[in-house]
Amino acid sequence: MNLWYCGVMKGKSTNMSFCFERESPALKQILLKLYHAEKPVQTDHHLYEFGSVEYYVQSSAADPHHSFLSVLTPLLSHWEIPSNGPLSPYTIQMVKDICSESAEVVEPAREGYHLTLKLNFSMIPKSKESEKVVRRIASVQAVIISSQLKEIFRGVDSHGTFQPIKLVYYPREPFYLIRQPQKITAVFPMRFKEHSDVVIATAFFQELMDVGSSAKWAKTPTCTWAPIPPPELRGESIEDLSTNGGFVSFDICSRHVEGKKLEKTVWTLLNFYAFVKNHIKCTRGLIQRRMQKRLESLVEVLHRGAVEEDNRVKRRRGGRYIRKLVSLSKFKTLKRRCSDIVNKIKRFHYRIKIHGFNRFRRRWLTLPKFSSSRGYSRLE
């Protein structure tokens, strides 16, 4: 999997921003508008993403340098929810770290929201770095979600086995974390609507296992795929374990979450479903383009054959026409010659004309008329 084996474990950035954007595009646009506004702006915006993430941006013209951003996001897991609020101190600290100078965490948060930030746009420098600061503020929801997963991976070296932890980042697409000795196993139940998607995904998972087991990627998380759930998930909801694409598992060890690798590993796990869907979409497009290209080449071959056949027919018809003209001209010549010969023969057989011979013939050479002695009477 290029996203993990080339990006996470080798420390390279993945160029897949269209699938894995951390900041909210709509929220970033509103914050930039407030930041670049020359006059005080009265703002009261409600934004919804993923059907369950809500942002509330509020600003007053009386206080142009301060705005309030409230966030309501479904928790990744309800495991070990702090008693003092939905967000743990670890998550609150991570939010403070992304924008310590330009944003302040308001406690308690606005009623109905998990987090409220007081934004001070006057503290954002007027330079090229200003957009980066706004982007970090717009990624607060991703920080909240990823911090919960990071907090779980903090105890990856712990001993013993615990109950599976169900995590939900995308609606109706849960995955599980199973804590085992010296590692944490992430299990993804895969389900698809189309049968063709199942075929493409199954081939992809098998190839993923082959690549992960090679010597080149020996340090990457071990990947396994099976059509049935692992034994550790026994007792979980039958709806979550009813799949047609099997179960994909990754074994996360301590070396996979060291330093900067933690952020990339966490973000890859959160977006594994999106990556698989993107792979299936791209594979479909590639297959369709190849089929279309193949069809065009076959049509071109057939068209070329039809043109060549038409040319042969035209050449054949042209030859017949010339031969027909030649034979016709020969026939006319022969007929004209025969006509001349016949006319000459006829001239030999013409009677010799003698003036007055007709009167002599009518007078002296007239045959006498004879009458029959037997008479006939008509019967009535």
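Biologist: Is Lys219 buried or exposed?
Modeller: Lys219 has a relative accessible area of 68%, so it counts as exposed. Keep in mind that this is a predicted model.

Biologist: Where does Lys219 lie?
Modeller: Lys219 is in the loop between α6 and β9, and β9 covers 222-226. Its C-alpha is 8.4 Å from that of Arg255, which is 36 residues away in sequence.

Biologist: What about α6, how many residues does that helix have?
Modeller: Helix α6 has 18 residues, 195-212. From its first C-alpha to its last it reaches 26 Å, close to the 26 Å expected at 1.5 Å a residue.

Biologist: Which residues of α6 are buried?
Modeller: In α6 the buried ones are Asp197, Val198, Ile200, Ala201, Thr202, Phe204, Phe205, Leu208 and Gly212.

Biologist: Next topic, α2. What is its span?
Modeller: Helix α2 runs over residues 25-36, and its end C-alpha atoms are 16 Å apart. That agrees with expectation, because 12 residues at 1.5 Å a residue should span 16 Å.

Biologist: And which α2 residues are buried?
Modeller: Leu27, Lys28, Ile30, Leu31, Leu32, Leu34 and Tyr35 are buried in α2.

Biologist: You mention β5. Where is Lys118?
Modeller: Lys118 sits in strand β5. With a relative accessible area of 28%, Lys118 is partly exposed.

Biologist: What is Lys118 in contact with?
Modeller: Setting aside neighbours within four places in sequence, Lys118 is in contact with His66, Ser67, Phe68, Ser102, Ala103, Glu104 and Val106. As for Ser59, it is 59 residues from Lys118 in sequence, and the two C-alpha atoms are 10.0 Å apart.

Biologist: Ala103 is in that list. Buried or exposed?
Modeller: Ala103 counts as buried, because its relative accessibility is 12% and the cut-off for buried is under 20%. It lies in strand β4.

Biologist: And what does Ala103 touch?
Modeller: Not counting residues up to four places away in sequence, Ala103 touches Lys118 and Leu119. The C-alpha of Ala103 is 6.1 Å from that of Asn120, 17 residues apart along the chain.

Biologist: Now the backbone. Where is the cis peptide bond?
Modeller: A cis peptide bond joins Glu107 and Pro108, with omega of about -5°. Pro108 is in the loop between β4 (103-105) and β5 (115-120).

Biologist: Which residue has a positive phi although it is not a glycine?
Modeller: Gln182 has a phi of about 65°. Gln182 is found in the loop between β7 (173-180) and β8 (183-189). At 40% relative accessibility, Gln182 counts as partly exposed.

Biologist: Switching to helix packing. At what angle do α5 and α8 pack?
Modeller: Helix α5 (residues 140-153) and helix α8 (residues 261-270) pack at about 110°, and their axes are 10 Å apart. That makes α5 roughly perpendicular to α8.

Biologist: Which residues make the contact?
Modeller: From α5 there are Ala142, Ile145, Ser146, Leu149, Lys150 and Phe153. From α8 there are Leu262, Glu263, Val266, Trp267, Leu269 and Leu270.

Biologist: How do they divide into nonpolar, polar and charged?
Modeller: The contact of α5 with α8 has 9 nonpolar residues, 1 polar and 2 charged.

Biologist: One more residue, Ser249. Where does it lie?
Modeller: Ser249 lies in strand β10, residues 247-252. At 9% relative accessibility, Ser249 counts as buried.

Biologist: What does Ser249 touch?
Modeller: Ser249 touches Thr185, Ala186, Val187, Thr222, Cys223 and Thr224, not counting residues up to four places away in sequence.

Biologist: Last one, the whole chain. How many helices and strands?
Modeller: The chain has 10 helices and 10 strands. Of its 380 residues, 37% count as buried. The chain exposes about 25700 Å², and carbon and sulfur atoms supply 55% of that.

Biologist: And the contacts in the chain, what part of them join residues at least 24 apart?
Modeller: That is 65% of the contacts between residues at least 6 apart in sequence.

Conventions
Residues are numbered from 1 along each chain as its sequence is written. This is a predicted model: local features need pLDDT of at least 70, side-chain atom pairs count only at pLDDT 80 or more; totals for chains, interfaces and linings use all residues. Side-chain values use heavy atoms; hydrogens and water are left out. Helices (H or I, at least four residues) and strands (E, at least two) are DSSP runs, numbered from the N terminus. The expected span of a helix is 1.5 Å times one less than its number of residues. Buried means under 20% relative accessible area, exposed over 50%, partly exposed in between (1.4 Å probe, protein chains only). Contact means heavy atoms within 4.5 Å. Accessible areas come from the Shrake-Rupley method with a 1.4 Å probe; for residues, only the protein chains shown count as cover. Axes are lines fitted to C-alpha atoms, for helices over the stretch in contact, and angles run from 0 to 180 degrees between N-to-C directions. Angles under 35 degrees count as roughly parallel, over 145 as roughly antiparallel, 65 to 115 as roughly perpendicular and the rest as oblique. Ala, Val, Leu, Ile, Met, Phe, Trp, Tyr, Cys and Pro count as nonpolar, Asp, Glu, Lys and Arg as charged, and the others, Gly among them, as polar.
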